[in-house]
Amino acid sequence: MAITTPKAAHDVPDQQVRSTLVPFPAPDGALVPVPDGALGRDSRSRSKPPVPASGAWREDDDPGHRLFADVGAFDLEAGGRLPAVRVAYETWGTLNADGSNAVLVLHALTGDSHVTGEAGPGHVTDGWWGDMVGPGKPIDTDRYFVVAPNALGGCQGTTGPSSLAHDGRPWGGRFPYITTRDQVAVEIALTRELGIRSWDLVVGASMGGLRVLEWALLGPEAGIEVRNVGAIATTAQTGGDQIAWSHPQLAAIRMDPRFRDGDYYSAADDDGPHTGLGIARQIAHTTYRTSYELDRRFGRLPQGGEDPFAGGRFAVQSYLEHQGDKLARRFDANSYVVLTESMLSHDLGRDRGGVEAALSQITARTLVVAVDSDRLFPPAQSARLARWIPNAEPLRIVTSDVGHDGFLVEADQIGPMVSEFLG
């Protein structure tokens with residue numbers, strides 16, 4: 001096993017759309033933001049750069065701030081084997097002499113290791129949690145040594161479908177089915193490779209929160225102390241509604257004729273499965289926001305000068321298309337499928353006597369945070385965590401109009417919760 005450093009030592013979160021105020025009144029009289037580049041008689045007619053077959057980071061790309069660790073082979077929970085796994089990760093701060101100040105930050109579905117920092121070479125977007133991690137921030141990098149890995153199955157440097165397999169070709173559609181526990185097993189191997197024996201905090205939201213909960217059990221089983229965990233906008237068990245929302249997203253990608261059963265990496269620009277991936281993102285993004293916000297921001301307003309009665313779009317349709325286009329330019333369709341299916345596999349109670357029994361085995365002091373308007377991971381699922389984890393603090397509620405994405409945009413509320421918990 002070996003750790004390699006990049007040859008040289010950005011995503012504005014999709015939920016933070018750069019926008020322009022246009023002179024159409026919203027129902028409350030406010031001006032409505034419409035994505036940049038979406039104005040004009042028909043914004044679809046404006047030329048755009050071609051969409052790459054995959055937005056994955058590839059091995060000949062600039063590594064940016066990524067570090068890499070080769071952590072060996074893994075037998076997977078559902079069967080199958082990965083003969084070699086490489087983990088891309090980033091770090092901030094300094095590990096203290098007794099190793100007691102390490103914090104593990106785990107990203108959501110389309111996030112990556114670039115938690116904080118500006119866009120630049122190797123990082124097409126700004127860090128996704130820059131208001132939470134950094135000097136003087138709630139997770140203070142002057143105090144903590146922060147590690148953020150790209151999840152197994154991802155597309156930003158950790159082994160996933162876009163990575164080269166043993167035969168020198170991308171895994172593509174051959175990449176095996178992985179679970180949340182497989183992802184945590186890889187993160188445990190990274191922890192050992194870094195020489196870290198304990199985490200003062202393991203924190204994450206959404207898909208990251210699924211891994212936080214598995215870490216609370218698998219970490220101690222592996223001999224790694226986990227003193228505190230933060231589970232934000234997440235659940236102990238993926239439910240029927242979440243599986244149902246995921247189903248058309250997966251179908252949209254797989255039914256795109258340019259998906260080619262997952263083997264599209266040699267395709268030319270604009271000849272990859274960006275249409276299916278974009279539609280999947282549009283469906284998902286609807287679950288990330290709320291009906292109140294979409295009505296307030298867009299309502300029934302037309303997009304720019306377009307006329308919905310003559311083939312034009314409503315502003316909210318343009319907004320969703322913009323979200324889909326953005327993701328297709330920075331993410332990978334195969335990784336979207338693999339990671340979504342890993343979330344569907346999530347059941348903390350599997351082979352542990354059920355969810356309540358599993359939650360009751362968690363010994364870490366636990367912060368549970370829910371967003372009151374979250375329709376993807378409803379507050380009741382967070383309340384279940386707080387009720388059954390023995391050392392859980394009382395459930396904390398973020399009040400937000402934006403729904404699930406509150407974990408990204410409501411740092412002014414989540415930050416003090418985390419600071420108080422760590423204080």
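Contact here means heavy atoms within 4.5 Å. The legends below describe close-up views of a predicted model.

**View 1. Surroundings of His 404.**
By that definition, His 404 touches Ser 206, Ala 233, Thr 287, Tyr 288, Val 371, Asp 374, Leu 376 and Phe 377, leaving aside residues up to four places away in sequence. His 404 sits in the loop between strand 15 (396-398) and helix 10 (406-409). Its relative accessibility is 1%, so His 404 counts as buried.

**View 2. The annotated active site, Ser 206, Asp 374 and His 404.**
An unreviewed UniProt entry places the feature "active site" at these three residues, Ser 206, Asp 374 and His 404. They span 199 residues in sequence, but no two of their C-alpha atoms are more than 10.8 Å apart, so they gather at one spot. The side chains of His 404 and Asp 374 are joined by a polar contact of 2.8 Å.

**View 3. Surroundings of Asp 374.**
Asp 374 lies in the loop between strand 14 (365-371) and helix 9 (379-388). With a relative accessible area of 4%, Asp 374 is buried. Residues up to four places away in sequence aside, Asp 374 touches Ala 233, Pro 379, Gly 403 and His 404. A polar atom of the Asp 374 side chain lies 2.9 Å from the backbone nitrogen of Phe 377.

**View 4. Salt bridge between Arg 254 and Glu 341.**
The structure holds 23 salt bridges. In one of them, the side chains of Arg 254 and Glu 341 meet at 2.8 Å, N to O. This pair links distant parts of the chain, 87 residues apart: Arg 254 belongs to helix 3 (residues 240-254) and Glu 341 to helix 7 (residues 333-344). Arg 254 is partly exposed, with a relative accessible area of 42%.

**View 5. Salt bridge between Arg 313 and Glu 321.**
The side chains of Arg 313 and Glu 321 form a salt bridge of 2.5 Å, N to O. Arg 313 is buried, at a relative accessible area of 5%, whereas Glu 321 is partly exposed, at 33% relative accessibility. The cut-off for buried is under 20% relative accessible area, and partly exposed lies between that and the exposed class, over 50%.

Asp 325 and Arg 329 meet through their side chains in a salt bridge of 2.9 Å, N to O. Both belong to helix 6 (residues 315-330); because they are four residues apart there, about one helical turn separates them. Arg 329 is partly exposed, with a relative accessible area of 24%. Elsewhere, salt bridges that share partners join Glu 77, Arg 181, Glu 214, Arg 350 and Arg 352 into one network.

Key
Residues are numbered from 1 along each chain as its sequence is written. This is a predicted model: local features need pLDDT of at least 70, side-chain atom pairs count only at pLDDT 80 or more; totals for chains, interfaces and linings use all residues. Side-chain values use heavy atoms; hydrogens and water are left out. UniProt positions are given in the numbering used here, feature names are shortened, and annotations may be inferred rather than shown by experiment. Helices (H or I, at least four residues) and strands (E, at least two) are DSSP runs, numbered from the N terminus. Buried means under 20% relative accessible area, exposed over 50%, partly exposed in between (1.4 Å probe, protein chains only). A polar contact is a pair of N or O atoms within 3.5 Å; within protein, one must be able to donate a hydrogen and the other to accept it, and residues adjacent in sequence count only if both atoms are side-chain atoms. A salt bridge is a side-chain nitrogen of Lys or Arg within 4 Å of a carboxyl oxygen of Asp or Glu.
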